[in-house]
Amino acid sequence: MHVVVVGGGFGGMAGAARLAKLGHSVTLLDRAPTLGGALGQLTHEEFTFDTGPSTTLLPAVVRDLFRKSGRPLEREVELVPVEVIREHRFTDGTSLSLTGGSRAAQKHAFEALGAGLGSQWVAYVDELGEVWERVRKDYLERPWDPALAHRDAAALLKARTTLARTFRRAFGDDRLALVAGHPFTAEGHDLARVPAWLGTVSYVEQKFGAWTVEGGLGGLAAVLTKRLATRKVDVRTSTPVHDLVVSDGRVRAVRTDAGDVEADAVVCAVDPHHFPALRPLVRRTTSTSLPTLTHLGVAGELPAWVAAAGETVLHGRSGEPTLVLRHGGSAPDGHAVLTVQHRGPATGDVVELLARRGVDLRGRVVTRLERSPADLAEAWGGSPLGMQWRGRATVRRRLGPTTPVAGLYAAGAHATPGAGLPFTGLSGSLVAQAIGPA
Ligand SMILES: Cc1cc2nc3c(=O)[nH]c(=O)nc-3n(C[C@H](O)[C@H](O)[C@H](O)COP(=O)(O)OP(=O)(O)OC[C@H]3O[C@@H](n4cnc5c(N)ncnc54)[C@H](O)[C@@H]3O)c2cc1C
């Protein structure tokens with residue numbers, strides 16, 4: 001069978017590698033000159049910055065992808081654990097280091113914020129272990145099948161409870177909600193519209209920790225590109241797809257400047273809103289908005305507490321943006337890289353804002369690159385953050401892994417419960433299972 005994968009971000013690459021291994025003839029089309037989408041790196045004046053992800057949860061997803069598509073990951077690149085997943089600095093001057101892999105360490109850290117908060121936090125996370133097992137088995141690791149799914153899994157996906165409501169019940173302190181809600185607020189979601197079962201991200205953080213690659217996680221894109229070549233995937237970069245050709249309820253081809261590329265099956269691993277043929281299928285969904293990124297090349301070192309954490313969150317008072325700091329990438333000797341992410345209009349210069357929040361880099365910034373939400377959408381052809389959560393209905397209003405069009409499948413952030421390499425990587429496995437061996 002000839003399968004055309006549209007979009008070579010992590011989701012599309014994961015699907016293409018697995019489908020090729022299953023014996024299909026696979027063509028991967030991407031509008032950009034290189035593959036990876038948000039997973040990648042940008043070099044500017046001797047500084048290399050991760051453009052999107054700098055750490056990943058659930059390393060098993062990346063390892064499984066490599067093992068199932070050829071040589072294991074360890075033969076290509078080493079995933080290294082990041083001890084402090086996130087450093088939170090709250091507006092009242094208190095702080096929390098969220099470590100991965102240990103319930104006891106998390107309990108201790110939250111207890112230091114206030115008496116009883118450690119118990120509140122672990123009680124919240126403990127309950128999510130069972131939820132994770134259910135959702136993982138029936139929804140994330142195999143295509144949803146109501147006939148096979150446990151009734152608890154169906155009930156979880158249908159439940160009205162949201163994260164905002166759960167946090168009000170579970171936490172007696174706003175800082176706990178800021179920590180548990182961060183993965184979603186950073187992606188622009190409204191916690192009052194995110195289903196409560198997605199709190200499982202906190203469980204995954206506690207249980208499996210965060211991981212990265214020396215020199216920046218974005219380096220994984222080049223390794224995967226190599227894997228696609230090994231698997232003989234026909235990769236065509238600088239090839240934007242303008243629409244899908246659908247007739248009699250079946251997808252027949254994808255439309256490019258060079259003509260139609262015929263296919264027995266198509267995997268859409270980009271924002272489906274782009275394609276006129278798919279818009280009616282996703283009309284009740286919207287894509288998540290993008291943040292602003294400022295990449296800074298800095299002389300000297302970063303503060304030790306910033307350098308030690310995979311991510312640092314400097315919470316803002318009301319009306320001020322929360323700043324998210326990452327340092328994935330590489331710099332010349334005696335220098336460091338820092339990427340600052342924020343949402344909404346800037347309330348001043350980022351370097352000044354950082355200084356006011358305890359990260360004083362003034363006089364040490366040797367290079368600087370601003371990327372607005374519009375710049376990022378142009379570079380990535382849409383939002384790598386997937387669909388905006390609008391309550392439980394988003395699960396069925398989204399496409400993927402199968403769709404109502406015969407021969408059409410969906411992978412990537414728009415086809416999964418959210419952004420992130422774990423979900424998008426699993427989406428590649430789901431389309432491969434749905435299509436099956438050649
Ligand atoms: C700033 C930022 C930080 C992030 N940090 C993390 C993190 O720390 N950890 C983590 O796990 N995740 C993180 N994520 C999320 C993660 O990067 C994404 O969810 C994931 O990479 C999305 O992969 P994807 O394949 O769905 O889409 P994308 O990465 O968006 O890839 C889509 C691909 O499709 C191509 N394309 C688009 N339109 C067309 C078209 N019409 N024709 C042909 N090709 C097309 C694009 O060129 C691109 O290569 C972050 C995202 C962002 C934006």
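Predicted model: local features only at pLDDT ≥ 70, side-chain atom pairs only at ≥ 80, totals over all residues.
Helix α3 runs over residues 103-113 and helix α4 over residues 117-140. Their axes are 6 Å apart, and the packing angle is about 140°. On that angle, the two helices are therefore oblique to each other; the cut-off for roughly antiparallel is over 145 degrees. The crossing of α3 past α4 is right-handed.

As for who touches whom, the α3 side consists of Arg-103, Gln-106, Lys-107, Phe-110, Glu-111 and Leu-113. On the α4 side they meet Leu-117, Gly-118, Ser-119, Trp-121, Val-122 and Asp-126. By class, the residues of this contact are five nonpolar, three polar and four charged.

Staying with α4, the next partner is helix α8, residues 200-208. Here the axes come within 8 Å and cross at roughly 100°. The pair is therefore roughly perpendicular, since the range for that word is 65 to 115 degrees. From α4, the contact takes Trp-121, Val-122, Tyr-124, Val-125, Leu-128, Gly-129, Val-131 and Trp-132. From α8, it takes Thr-200, Ser-202, Tyr-203, Val-204, Gln-206 and Phe-208. How many charged residues are in the contact of α4 with α8? There are no charged ones; the residues divide into 10 nonpolar and four polar.

Helix α1 covers residues 10-21, and helix α14 covers residues 421-435. They pack at about 35°, with 8 Å between the axes. α1 passes α14 in a right-handed crossing. Phe-10, Gly-11, Ala-14, Gly-15, Arg-18 and Leu-19 are the α1 residues involved. Their counterparts in α14 are Leu-421, Thr-424, Gly-425, Ser-427, Gly-428, Ser-429, Val-431, Ala-432 and Ile-435. This contact has seven nonpolar residues, seven polar and one charged.

An unreviewed UniProt entry annotates residues 11-337 as "domain: Amine oxidase". In the model, that span is 33% helix and 24% strand, and its end C-alpha atoms lie 27 Å apart.

Last, two backbone details. Most residues other than glycine have a negative phi, and most peptide bonds are trans. Which peptide bond is cis, with omega near -10°? That is the bond from Gly-400 to Pro-401. Pro-401 sits in the loop between α13, residues 394-397, and β20, residues 408-410. The other detail is Lys-232, where phi is positive, near 60°, in a residue other than glycine. Lys-232 is also in a loop, the one between α9, residues 220-230, and β9, residues 234-236.

Technical notes
Residues numbered from 1 in each chain as written. Heavy atoms only, no water. Axes fitted to C-alpha atoms, helices over the stretch in contact; angles between N-to-C directions. Helix = DSSP H or I, 4+ residues; strand = E, 2+ residues; numbered from the N terminus. Parallel < 35°, antiparallel > 145°, perpendicular 65-115°, else oblique. Left-handed = near helix turned anticlockwise from the far one by under 90°. Contact = heavy atoms within 4.5 Å. Nonpolar A, V, L, I, M, F, W, Y, C, P; charged D, E, K, R; others polar. UniProt positions renumbered as here; feature names shortened; annotations may be inferred.
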